[in-house]
Amino acid sequence: MDKKLDYFVDSRQLDKELILSLFEKTKKLKGSKTFPQTLKGKILTTLFYEPSTRTRMSFEAAMIRLGGQVISTENAKEFSSAIKGESMEDTIRVVEKYCDCVVMRHYEEGAAQRAADVATKPVINAGDGKGQHPTQALLDAYTIYDEIGRLDNIKVAFVGDLANGRTTRSLAYLLGKFSGVEVVFVSPENLKMREDIKDYFEKHDVKFSEETNLAKILPTVDVIYMTRIQKERMTEEDYLKAKGKYTINEENLGLIRKNARIMHPLPHVEEINLLINTETNDKRVAYFRQAENGLYVRMALLEYLLNVKC
Amino acid sequence: MDKKLDYFVDSRQLDKELILSLFEKTKKLKGSKTFPQTLKGKILTTLFYEPSTRTRMSFEAAMIRLGGQVISTENAKEFSSAIKGESMEDTIRVVEKYCDCVVMRHYEEGAAQRAADVATKPVINAGDGKGQHPTQALLDAYTIYDEIGRLDNIKVAFVGDLANGRTTRSLAYLLGKFSGVEVVFVSPENLKMREDIKDYFEKHDVKFSEETNLAKILPTVDVIYMTRIQKERMTEEDYLKAKGKYTINEENLGLIRKNARIMHPLPHVEEINLLINTETNDKRVAYFRQAENGLYVRMALLEYLLNVKC
Amino acid sequence: MDKKLDYFVDSRQLDKELILSLFEKTKKLKGSKTFPQTLKGKILTTLFYEPSTRTRMSFEAAMIRLGGQVISTENAKEFSSAIKGESMEDTIRVVEKYCDCVVMRHYEEGAAQRAADVATKPVINAGDGKGQHPTQALLDAYTIYDEIGRLDNIKVAFVGDLANGRTTRSLAYLLGKFSGVEVVFVSPENLKMREDIKDYFEKHDVKFSEETNLAKILPTVDVIYMTRIQKERMTEEDYLKAKGKYTINEENLGLIRKNARIMHPLPHVEEINLLINTETNDKRVAYFRQAENGLYVRMALLEYLLNVKC
């Protein structure tokens, strides 16, 4: 790593070497009984313009586990300065003075980059509208790395609503950094992956194909990355059709390879059958472990970004 | 104590020995100038699906006083995962990964038990709809123990809205663990204590009676446990009648025994006269000390539950 | 300082000696690489009945930087006790039991004094309706002290909406403690400073005048204290007129003295031209440094108030 990052808003900022270095750090933290208090005396601000308790809490826990402290707002959109017409940039300019790092979720695509541009402290993107959610991508990729044992030479199915989900997009950018990767997009006709990701895959030698039949694909992949079919974005008829076809359940579970993993960014609704959900003895069901990995990946990232600056 | 609890959602989980052991711990903590940092390195999550600043803050202060840290949400009901249809159980499954203990308030009766059933970390019920509020019961019972000096052989009046209040119900369960207890239910006809509590008292040898005349009872009891008449649940006419009859004020204060205590779970409105409220020199007025006891009881409980697991 | 303060709700509570002593402490803290952990083991409650993330976060960071901890509510107005009709005084009586200091923002003028009257722990006013915002005044005065080098013998222009802004009112009270101070009120006819402040200035030998022409005043003052023209309080026509006339921009920037400072309590909207805003190389543009000073002034204040009590 020649060049250290001083903020993290886009999965594409990371190269393979840095990803693997973060993952080694993550693995070490995950295996620790007690954590190094490397962030003692540091303050993290979680500035959430949209609520997302799960993501916010995992960042806050990550900071605290490493000895740091947190100041937080769950609902920055309604705080008086934003209402009075203050720009997000000015809010960042002030708030960063009180802390050592800002984790921001915002409802506008591109907001995280704009924040990073004006800040003198590290800014981390915790989701910016239809843009990216790069720490989700990191924990997804780490889960593959940890459970499958590698990120090169893997075959992954992205299943469900690929048109609207930012998690598959962010993960796609990370997978593009590795070699021998093959991706199958499994989605209804009206929810297909957008062209920019396909272009990116072409440029980065990721083999990809499109498929509408989930059952046909299940026996062929190392990772099934499920996403929620977003009911609110389609007709009731389309929804019921998609829901039925893009679900993992008792019937098609048997088609999945023994050493494959079922992942999901959560929250999940009907796209994974409830029985499977609670049947945690099946080691292929990886999504709660995946969520837990968010804690350790964010610890590693905070350590990396805050050591750059201190 | 043969069997240690690994969660706390219902007053009935506690036996007399454990109650008294928690109260001894509480008393010791309350008398300390500095607190043992026994929860150092531990994280408490306060997951409130309904806001309750008082309860939440006392849990958070309890955790911090013992050296622990907190991650928190005031309004989990509106966070995105719940809105997207995620089950409370799945939220618990993820959130518990980031912490060592979860305190949850939820709007549905039974939610706390469901959370405890799926969690691997201790879950504490901070109120579940019309169900229970068992740490309120603990602080109420502790206040009697601390101020009256005993929990056996006491006579307590429950006054006001006994049909809807969960605090009297939870306290009733605790009192049932002691001997020689007598309870008088003082309420309007339409707000009488429900049958299940009377059955419980019968089974546990608690003498009880019902009364509508407060003045007649005041000179006979050790503890007057007032509750708020919930205006929103009755006609204006019924409310005004109840309000007038179930109030402690300048006129009937003289009827109360010198060594008795007036308690109230707070917030109180008109059921206790304002003048009495601020007249803190009268040692019988116990409700602000009662609220303060919440801090120490919760410290003792957190220590108990977290030591089980660590 | 003969008499120590045990709460802080009004700028007028401070005398010149105490102000300068706080500012010396502030200066020392601002220059420190690491902070003394003087508030270790202390808990601050931030009780905000109205959201104000900027102010809340700077108090919380101040507490944490000095080794303390925080319990917090962003939206106390909607928490259940207030909704159920509990008085603010009773909320304070309970909440102060869980902590060592309460910072309160409230929507009613006078609320902070009422809170301080019932509390046994220090209460700090973080804004009470149309009343005061005395820690804003402190950070404003500190910024003048730090950047101009003195508070005696200065000439200050208050610009914009002087009728409704509580920041200029609170700062006026502090300036009245110093000698040789001259203030020019620059505002539209309908947004003039109220009479009580003028009376206060007369009583405290502060020279003052009123002016509607900003350009005429700019070359004559040490400090230009801009405020937001509050659109919502006037007709569209009046607003556009005021906005145009009470703005610092490329054209009138040249009129301002080389060693003068442009201040603003923030958030700012159009009253300061965006280009100037980001042109941080011009040392006269002081408002982001001013906001940062809030952290250090509040650290000094917390240390002062908490040492009184402990």
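Where is the place of Leu253(A)? Select Leu253(A): the residue sits in the loop between helix H10 (236-245) and strand S9 (261-263) of chain A. Helices here are DSSP runs of H or I with at least four residues, strands are runs of E with at least two, and both are numbered from the N terminus.

This is a predicted model, in which local features need pLDDT of at least 70 and side-chain atom pairs count only at pLDDT 80 or more, while totals for chains, interfaces and linings use all residues. Residues are numbered from 1 along each chain as its sequence is written, chains are lettered from A and ligands numbered from 1 in the order in which they are written, and side-chain values use heavy atoms, with hydrogens and water left out.

**Stop 1: Leu253(A)**

Stay on Leu253(A). Its relative accessible area is 10%, so it counts as buried (under 20%; exposed is over 50%, partly exposed in between; 1.4 Å probe, protein chains only).

**Stop 2: chain A against chain C**

Show both chains. Chain A brings 27 residues to the contact and chain C brings 24 residues (contact means heavy atoms within 4.5 Å). About 2200 Å² is buried between chain A and chain C, and carbon and sulfur atoms give 57% of that area. Buried area is the accessible area (1.4 Å probe) that two parts lose on being put together, summed over both.

Next, select Arg65(C) and Asp100(A). They form a salt bridge, with the closest N and O atoms 3.1 Å apart. The term covers a side-chain nitrogen of Lys or Arg within 4 Å of a carboxyl oxygen of Asp or Glu. The count for chain A and chain C is one salt bridge.

Six residue pairs are in polar contact between chain A and chain C, both residues at pLDDT 80 or more. A polar contact is a pair of N or O atoms within 3.5 Å; within protein, one must be able to donate a hydrogen and the other to accept it, and residues adjacent in sequence count only if both atoms are side-chain atoms.

Colour the chain A side by element. Strand S1 (43-48), strand S2 (69-73), helix H3 (80-83) and helix H4 (88-95) of chain A each give two or more residues to the side touching chain C. S2(A) gives the most, five residues. By class, this side has eight nonpolar, 10 polar and nine charged residues. Nonpolar means Ala, Val, Leu, Ile, Met, Phe, Trp, Tyr, Cys and Pro; charged means Asp, Glu, Lys and Arg; the others, Gly among them, are polar.

**Stop 3: chain B against chain C**

Move to chain B. Here 24 residues of chain B touch 27 residues of chain C.

Which elements of chain B give two or more residues to the side that touches chain C? Helix H2 (53-65), helix H12 (274-278) and helix H13 (287-309) do. H2(B) has the largest share, nine residues.

**Stop 4: the copies**

Superpose chain B on chain C. A rotation of 120° with 0.0 Å of shift along its axis does it, RMSD 0.0 Å (least squares on C-alpha atoms of residues with pLDDT of at least 70 in both). That is the relation of a three-fold axis.
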